[in-house]
Amino acid sequence: MDNMLQIRCKNPTLCSKEGTRVVLTDLNHNNQTDFVLSSRAFAGMAQKGMGQQILKLGIAEIEYKR
């Protein structure tokens, strides 16, 4: 299993188009998909200078791909 994912949040005001790369460490075997990100990974999805603002969201809608 390839455990590297590219993720980005869907808020164009705060989030970059590129998003960030993360390593998947645990896989839930049902239809629910939740990502628990470190603050560094969460802020990594932000546009330059928007890291603190995205952290204030706490929860963000995201897209991901392998």
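Is Phe-35 buried, partly exposed or exposed, and what is its relative accessible area? In this predicted model, Phe-35 is partly exposed, with a relative accessible area of 25%, where buried means under 20% relative accessible area, exposed over 50%, and partly exposed in between (1.4 Å probe, protein chains only). The model is a prediction in which local features need pLDDT of at least 70 and side-chain atom pairs count only at pLDDT 80 or more, whereas totals for chains, interfaces and linings use all residues. Residues are numbered from 1 along each chain as its sequence is written, and side-chain values use heavy atoms, with hydrogens and water left out.

The chain contains two helices and three strands, arranged along the sequence in the pattern β-β-α-α-β; helices (H or I, at least four residues) and strands (E, at least two) are DSSP runs, numbered from the N terminus. The radius of gyration of the chain is 12 Å, close to the 11 Å that the globule rule gives for 66 residues, so the chain is as compact as a globular protein of that length; this radius is taken over C-alpha atoms, and the rule is 2.2 Å times the number of residues to the power 0.38. Along the principal axes, the C-alpha atoms fill a box of roughly 35 × 20 × 20 Å. Of the 66 residues, 24% count as buried.

Not counting residues up to four places away in sequence, Ile-54 touches Cys-9, Leu-14, Cys-15, Phe-42, Ala-43, Met-45 and Ala-46, a contact being heavy atoms within 4.5 Å.

A search of the whole structure finds one aromatic pair, formed by Phe-35 and Tyr-64 in an edge-to-face arrangement, 5.0 Å centre to centre with 65° between the planes. Rings of Phe, Tyr and Trp (its six-membered ring) pair if their centres lie within 6.5 Å, with planes under 30 degrees apart counted as stacked, over 60 as edge-to-face and the rest as tilted. Phe-35 lies in the loop between strand S2 (20-23) and H1, and Tyr-64 in strand S3 (residues 62-65), so the pair ties together parts that are 29 residues apart in sequence. Tyr-64, at 46% relative accessibility, also counts as partly exposed.
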